[in-house]
Amino acid sequence: MIRVFLLDDHEVVRRGLADLLQSGGDIEVVGESGSAQEASRRIPALRPDVAILDARLPDGNGIDVCRDIRAVDSSIKGLILTSYEDDEALFAAIMAGAAGYVLKQIRGTDLVDAVRRVAAGQSLLDPAITTRVLERIRSGVEQPRELKTLTEQERRILEYVAEGLTNREIAGKMFLAEKTVKNYVSSVLAKLGLERRTQAAVLATRLLGKTH
């Protein structure tokens, strides 16, 4: 069974999604919420395979929730569901580590298929767009003033933070000790004048959105 959590501020939408997803017999809705803050607390505890996250909520947004829950448990796949086609939100979703970004106009059968594919480890994001977003981070020539203060190693750390990776996962990719990564993250935050890693990812999204 594929375990799914639903985040949408409309109860009717949540009920419709739950009925649709559970009609196939291989998907179980293990929790739901209409609040971004509540979802950020509950999802890591429930450990669903996939979290379907509404992009816009009264108390936040699904992209931040995706980043928050993946910082706790990167095995949870985030699927952003939105009514709006927005390049900046798509970039932010990629940097938050989302596995998919789909419009609410999607057909029901296609959404069920999307959940199955994401649960199986596939990405529903266009690889070309993902590459372009990450290239913005890597390209020192085009980097905004704030990001130019970072060393090449720190830029790589920021890139991984923006992807939603934990310190342990970053350590594995860069062949560093977890404590070393933690020190790098602290240095990045200090240079950017921030307190939390989620703020660094949001700032990176905003700055990179201004470059081409």
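Three cavities of 30 Å³ or more were counted in the predicted model, a cavity being a set of points on a 1 Å grid over the protein atoms alone where a 1.4 Å probe fits but cannot get out. The largest cavity has a volume of about 40 Å³, taken as the space filled by probe spheres set on the points, with grid points joined across faces, edges and corners. Its lining (residues with an atom within 4 Å of a point) consists of Arg67, Ala71, Val161, Gly164, Leu165, Arg197 and Thr198. Of these residues, three are nonpolar, two polar and two charged, with Gly counted as polar. Helices H3 and H11 (197-208) each contribute at least two residues to this lining; helices are DSSP runs of H or I of at least four residues, and strands are runs of E of at least two, numbered from the N terminus.

Helix H3 (residues 62-72) also lies on the path of the chain from strand E3 to strand E4, a β-α-β crossover that is right-handed, that is, clockwise from the first strand over the helix to the second with the strands pointing away from the viewer. E3 and E4 (residues 77-82) pair in the parallel sense over five bridges, where pairing requires at least two DSSP bridges. Ile52 has Leu79 of E4 as its bridge partner. E3 also pairs in the parallel sense with strand E1 (residues 2-7), over four bridges, and Val4 stands opposite Val50.

Strand E3 (residues 50-54) is largely enclosed by the rest of the structure, because five of its five residues are buried (under 20% relative accessible area, 1.4 Å probe, protein chains only). Val50, Ile52 and Asp54 point one way, and Ala51 and Leu53 the other.

Residues are numbered from 1 along each chain as its sequence is written. Local features need pLDDT of at least 70 and side-chain atom pairs pLDDT 80 or more, while totals for chains, interfaces and linings use all residues, and side-chain values use heavy atoms, without hydrogens and water.

Terms used: Buried means under 20% relative accessible area, exposed over 50%, partly exposed in between (1.4 Å probe, protein chains only). On a 1 Å grid over the protein atoms alone, a cavity is a set of points where a 1.4 Å probe fits but cannot get out, and a pocket is an open set with protein on both sides within 12 Å along at least five of seven lines; lining residues have an atom within 4 Å of a point.
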